[in-house]
Amino acid sequence: MIETQSLTKKYGDLVAVNEINLNLKEGDVFGFIGPNGSGKTTTMRMIATLLNPDYGEAYVCGKSIYTHPQEIRRLVGYMPDFFGVYDDMTVIEYLEFFAATYRIDGPARRKVCEEKLELVDLSFKRDAYASQLSRGQTQRLGLARTLLHEPQVLLLDEPASGLDPRARIEIRGLLKRLGETNKTIVVSSHILPELADVCTRVGMIEKGNLIIDDYVKEVMRKARETITLDIRVTTDSEGAAKLLEGHDSVASITMQGETIRAYLDRETLDYSTLPTMLIEAGYRIQMFREEDVNLETAFMELTKGVQQ
């Protein structure tokens, strides 16, 4: 759905985007992570045919940004980080105006607008003036506008920017629902936790260079230096810890109160013999779980020394 080949953009001596290669498939929700000024917006604007690269190529649904820009614009829904609304229009009038620019005519226009308002939970504001909306509601209106022509690809640049915590949660919920529609979605943010539970795939860009690009599960796997198990037994935690310490796959043991923390060798793929060993030794297990690695921890681990 989206493919870039050595996509590059320069502003004088500044390389804003440096030979970025992406290959996103249908249904991918790509979290584009990076600090302000790292090249996220520039990349998205080139894919949306709003900015010409200095070098490289990009394809959207198999169409080149050089030879088929108009067709790409019909396939893409682009939502910039900041956009204006017409204050003297009501919400429904605003959407109908843009629906008309997409040549959605007749009864279908009102129907589509009502459906998008419902999707973004803004139906209760349909007759309010755009100037009366909160920042979060304005973002949802912008998202509704972006979806009017049923684009196959969504490019959402910092959709949660400037929102209060409640509005951020609402936007994340909307992104989750959109991710279930098999659209290809690129959503950028400089705050990693905003996208941790939304995206299926993540990329990190720093000073125009794509440092990481992979599916979330693979990023987690690469970041995991060791498997950590939290174990609790009903009696004699110290004895259970000594027993576990003697196992070939256990690199080290620490105690956190009554909880045993077992750090396994990185090569360990199967630790099912550990609970079996405890049970056979007469211990009753209250808890046995593997510590999760979250996306933020994974990025910190994988980018050590890269961002200096």
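The buried residues of helix α4 are covered by elements that include α3 (91-101) and α5 (135-147). The model is predicted, and its protein chain comprises 10 helices and 14 strands.

**Helix α4**

- Helix α4 takes in residues 107-119, and at 1.5 Å a residue its 13 residues should span 18 Å; the end C-alpha atoms lie 19 Å apart, which agrees.
- The buried residues in α4 are V112, C113, K116 and L117.
- These residues lie on the same side of α4, because the arc they cover around the axis is only 135 degrees.
- On the other side of α4, the exposed residues are P107, K111 and E118.
- D121, which comes just after α4, adopts a positive phi of about 55 degrees.

**Overall form of the chain**

- The radius of gyration of the protein chain is 25 Å, whereas a compact globule of 308 residues would have a value near 19 Å.
- The C-alpha trace of the protein chain extends over about 75 × 50 × 30 Å along its principal axes.
- Of the 308 residues in the protein chain, 48% are buried.
- Among contacts in the protein chain with a separation of 6 or more, 68% are between residues 24 or more positions apart.

**Cysteines**

- The number of disulfides found in a search of the whole structure is 0.
- C199 has a relative accessible area of 9% and is therefore buried, the cut-off being under 20%.
- C61 has a relative accessibility of 24%, so this residue counts as partly exposed.
- C113, a residue of α4, is also buried.

**Residue Y283**

- Y283 is located in the loop that runs between α9 (273-280) and β14 (285-290).
- With a relative accessible area of 15%, Y283 is buried.
- When neighbours within four places in sequence are left aside, the contacts of Y283 are V233, T235, D236, G239, A240, L243 and L278.
- A distance of 70 Å separates the C-alpha atom of Y283 from that of P107, and the two residues are 176 residues apart along the chain.
- P107 is itself one of the exposed residues of α4, whereas Y283 is buried.

Key:
Residues numbered from 1 in each chain as written. Predicted model: local features only at pLDDT ≥ 70, side-chain atom pairs only at ≥ 80, totals over all residues. Heavy atoms only, no water. Helix = DSSP H or I, 4+ residues; strand = E, 2+ residues; numbered from the N terminus. Expected span 1.5 Å × (residues − 1). Buried < 20%, exposed > 50% of the residue type's maximum accessible area, 1.4 Å probe, protein only. Arc of directions from axis to C-beta. Contact = heavy atoms within 4.5 Å. Rg over C-alpha atoms; globule rule 2.2 N^0.38 Å. Disulfide = S-S within 2.5 Å.
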